[in-house]
Amino acid sequence: MKAITLLGSTGSIGTQTLDIVAEHPDQFRIVGLAAGNNITLLAQQIEQFRPEIVAIRNPDKLPELKSAIASIDPQPILLAGETGVVEVAGYGDSESVVTGIVGCAGLLPTLAAIKAGKDIALANKETLIAGGPVVLPLVEEHGVKLLPADSEHSAIFQCLQGVPEGGLRKIILTASGGAFRDWPVEKLAQAKVSDALKHPNWSMGRKITIDSATLMNKGLEVIEAHFLFGMDYDNIEIVIHPQSIIHSLIEVQDTSVLAQLGWPDMRLPLLYALSWPERIYTDWETLDLVKVGSLTFRNPDHDKYPCMQLAYAAGRAGGSMPAVLNAANEQAVALFLDENIGFLEIPKVIEQVCDRHQSQNTSHPSLDDILEADQWARQMVLEVADGVKSTPLVMR
């Protein structure tokens, strides 16, 4: 039975991970949980899974959590704040830590888990995008496994099983196209938050759903694939695949192309990250190709999705630039979700922040450099946001 700690337990990744644990109580047990604000759901999770340690990121919610679980015996260790989440990440005998915390907030807990010798089921792409120069050396130093738990990188990882070293030639990331894949680009100026949150295929959190609408999620995945699989940016491609049945593909040196297919269900990559190298039987609906009918593909529209090019540019710049891109995107998406900027202003804001960082980009950033770049970018977004509405996007 594998012992697991789950960071971000009340979010989309967290609840689906706990679904897996509940379905396979003979395979997995929960050691620790960390969540943000949802006391009601967290209390239910504590009641059901009986973790040894729990952290609530919002310290103001700790008294409410204590009251909500007062009748549970034995009581878990209760912690609060970012330091509490970090302590949970490195606690006890858990073998694998699922990083389901949204955004760069997952970086420090992930580092703590690695230092504690725990394998990482990486469902938080921002951790590697912002912190890759720090995370990867630590993974090697502590001899832990970094296993992708999002659908695209899990697909690549699954396709690579059995491919010899040096056999990989190209990575092809598939993208659904998000909420606006069938909108003409001229209509995007009128896009509302409610429109952007209507993902056609996947049920995800608000931030990642907006990233899917801008296709920044795919740009971020390009950077993540570069760090995870050591692939040059020129050999990582994006293709629009509206059905979301092929979750990504690889091309090997002899031009054979391998793909991983399945229904759009985040539980599958999560289960594989937790069970690798084993395959655990499930009674989930099997893929019926006749029911699918057809699989289609098209090139992404760069006029509609400028965030992709911003991500490629940041990845190629390297250093602290990916951290700036990631933080600027998080902050710009938050402004959009609060209806403080329009949909088309998201890439404009990000571009201006990245441009301002060029002269101070740190080639080999330390953790402090990355955290400083992250905070700088978030503040810079607030400074440039008011001026972007009349500014055209100029791609470099």
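**Exercise 1. Determine how helix H6 and helix H14 are placed relative to each other.**

Step 1. In this predicted model, helix H6 (residues 125-142) and helix H14 (residues 321-337) have axes that come within 7 Å and cross at roughly 140 degrees. Axes are lines fitted to C-alpha atoms, for helices over the stretch in contact, and angles run from 0 to 180 degrees between N-to-C directions. Helices (H or I, at least four residues) and strands (E, at least two) are DSSP runs, numbered from the N terminus.

Step 2. H6 is therefore oblique to H14. Angles under 35 degrees count as roughly parallel, over 145 as roughly antiparallel, 65 to 115 as roughly perpendicular and the rest as oblique.

Step 3. The H6 and H14 crossing is left-handed; a crossing has this hand if the near helix is turned anticlockwise from the far one by less than a right angle, and is right-handed if clockwise.

Step 4. From H6, Glu126, Ile129 and Ala130 meet Pro322, Ala323, Asn326 and Glu330 of H14. Contact means heavy atoms within 4.5 Å. The contact of H6 with H14 comprises 4 nonpolar, 1 polar and 2 charged residues. Ala, Val, Leu, Ile, Met, Phe, Trp, Tyr, Cys and Pro count as nonpolar, Asp, Glu, Lys and Arg as charged, and the others, Gly among them, as polar.

Residues are numbered from 1 along each chain as its sequence is written. For the predicted model, local features need pLDDT of at least 70, side-chain atom pairs count only at pLDDT 80 or more, and totals for chains, interfaces and linings use all residues, while side-chain values use heavy atoms, with hydrogens and water left out.

**Exercise 2. Describe the open sheet of 4 strands.**

Step 1. The strand order is S9-S8-S10-S11, and the pairing is mixed. Two strands pair if DSSP finds at least two bridges between them.

Step 2. Strand S9 (236-240) and strand S11 (257-261) are the edge strands, each pairing on one side only. From one strand to the next, the twist averages 20 degrees.

Step 3. Strand S8 (residues 168-175) pairs with strand S10 (residues 246-252) in the antiparallel sense over 4 bridges. Leu168 stands opposite Val252 in S10.

Step 4. Helix H7 (residues 151-160) packs on the sheet and touches S8, S10 and S11. The direction of H7 makes about 40 degrees with that of S10.

**Exercise 3. Characterise the crossing of H15 and H16.**

Step 1. The axes of helix H15 (residues 345-357) and helix H16 (residues 367-384) come within 9 Å, crossing at roughly 125 degrees. H15 is therefore oblique to H16.

Step 2. The crossing of H15 and H16 is right-handed.
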